[in-house]
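Thanks for asking me to look this one over. Below are a few numbered points to go through with the model open beside you.

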Amino acid sequence: MLLAALPCAAQDDIDWNATPNDVNNLLKSMKEMIDVNYSVQVATLSEVAADPAKNPILYRSGHYNFSYSEGQRKRIREYCLAGGMIIYNTGLGSAPFYRSAVRELGLIFPEQPVQRLSSDHPIFHSYYDVDRVQYCPGVKAAGFVGNEPWFDAVEINCRVVALVSRWGMSVGWEDNTLPEYQAYESESAKKLGVNIFSYSSAMRAWAKSQAHAIKFVDKPESSANKVAMVQIVYDGVWKTRHAGLSVILQTFNMKTDVPVKFAIKELRLSDPEIFNAPLLYLTGHEHFTLKQSEAVQLKKYLENGGFLLAEACCGRKGFDLAFRNVMAALFPGSPMKTIPQDNAIFHMPNNVEKVGVTPVLQQALGTAVTRPKLEGVEVNGHVAVVYSPYGMAGGWEMSQSPYARGYDDVSCQRLGQNILMYSVTQ
Amino acid sequence: MKKETNKTVTVGMALLATTLCMGTVLAGDGSNEPGFVPPPKNRQPPPAPPRSISSAETTDPCCCCPVTPQARTEAKKPPQPPVLITKLKSETSQATTTEKKKK
């Protein structure tokens, strides 16, 4: 084991710097492609400033296995949570490096799984639309058939903080591709590079102004007869925002004087304790599935008078499609329908006839103000499921992501309060 | 006798070095794992840094000409755009470089 720690200097250099011109060339290309002028520096992890403003993006490339010390993991975690972003480029698709990067990110961010990003993720659309790419033939020879880019990432508060490219980008940035390489062709690699750096810059500026997690604490008294919420835990990234639920409960309490319990329980659907909760909350960004036993439990909960509020965080399509599939499988005879505008959910305690939308949704809809859209599933004669295909949790935190397809902050608050009121008056 | 001892020590050292290198490989750099791809062989060196003085500034004045003040300019400071990306190098290569510098 001691031997494993002994470095072989020659190999060491060839590992992190196997493509010495990669970032240089990418920056040159970025100047030509989008007229931005940035520079690159080379440093060890211990030399990197903890403040992301001084070194906004860290880039690590390699072919071999690697691991960090506990101190290095802590350093990367703090840097990323402060607004920085780290990118791992798998040199020529070398699997040991890729596996090491994924394993290390699992240790650095144990609370948030590493997840492959679906093609509607903003990182594939932040500057160019690159949800389809050109690969060198070596990628197909390695067993990957498809033309979607392959990025795995850790997302915290709707922001990618760490990203792993499964296939090599650096040879493409260097204009040095060969057919046998497990890598992106140059044009795709450069477009992906531009997108990563555009995304990172926009998100870093936003992360600076983002509200810090607010901790709401219950008064030490009985929590009986208070609105309490349970967030559903499932396999995948089930928690997208850390403070949104508490904020909306607090503003709901201020608006209506209905007593609330700020502590949010996080439970799997298999936990029988969900039957004590009047309200379940389910959200996410990407595709997910429920285990058979969990789906059965959710159906039982809803048929027994429970209420589910679900939301496609940031208006992401992966979650949207997955949630619709889950509902269709649970209640095949009761399809999800748009809730009509005259329903009480749009009028109590706030009259919400129009809502403002985020810039990205405005682009898609062609209007900055629209009617709110909620969908519902009726179970035993009452609306037991309320679903928003557009993001609200970011607005509850009063900091929608710049790439969110959702409602503006004020509309999110008003609509969220109405949904909570609807759930307690059902 | 002394020669033989030296020879044994040399062979021993060589064997130890081989074992260490083999150990590094076998102990998990991943090069023997499925899916490993070695770094590309056609590595292109990074471009030379831009010149900060022109060649004319280093030319000596003509020895037979009357002495005239030589026109010199300060070393140019090219514009330094803000750092966007930090390319991470491994800590070990820094240690190696430091050791080399000391020598």
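1. Buried residues account for 11% of the 103 residues in chain B. Please keep in mind throughout that this is a predicted model.

2. What does the secondary structure of chain B come to? There are two helices and one strand, and the pattern along the sequence reads α-β-α. The strand, E1 of chain B, covers residues 83-89, and you will meet this strand again in point 4 when we get to its partner in chain A.

3. Now for the contact between the chains. On one side are 49 residues of chain A, and on the other are 38 residues of chain B. Several elements of chain A each supply at least two residues of the side that touches chain B: helix H1 (9-16), helix H2 (22-34) and helix H4 (95-108), together with strand E1 (39-44) and strand E2 (57-62). By residue type, this side of chain A divides into 28 nonpolar, 16 polar and five charged residues.

4. Which strand of chain A is joined to E1 of chain B? The partner is E2 of chain A: the two strands run parallel, with three bridges between them.

5. Two residues of chain A deserve a look at their backbone angles. Take A:Leu92: its phi is near 50°, a positive value in a residue other than glycine. A:Leu92 sits in the loop between strand E3 (85-90) and H4 of chain A. Is A:Leu92 buried or exposed? A:Leu92 is buried, because 28 other C-beta atoms lie within 10 Å, and 20 or more are needed to count as buried.

6. The other is A:Cys158, which is not a glycine and yet has a positive phi of about 65°. You will find A:Cys158 in the loop between strand E5 (151-156) and strand E6 (159-165) of chain A. A:Cys158 has 28 C-beta neighbours inside 10 Å and therefore counts as buried.

7. Finally, where in chain A is there a cis peptide bond to check? Go to the bond from A:Met348 to A:Pro349, which is cis with omega near -10°. A:Pro349 belongs to the loop between strand E11 (337-338) and strand E12 (355-356) of chain A.

Terms used:
Residues numbered from 1 in each chain as written. Chains lettered and ligands numbered in written order. Predicted model: local features only at pLDDT ≥ 70, side-chain atom pairs only at ≥ 80, totals over all residues. Contact = placed C-beta atoms within 7 Å. Helix = DSSP H or I, 4+ residues; strand = E, 2+ residues; numbered from the N terminus. Nonpolar A, V, L, I, M, F, W, Y, C, P; charged D, E, K, R; others polar. Pairing = 2+ DSSP bridges. Buried ≥ 20, exposed ≤ 12 C-beta atoms within 10 Å, placed from the backbone.
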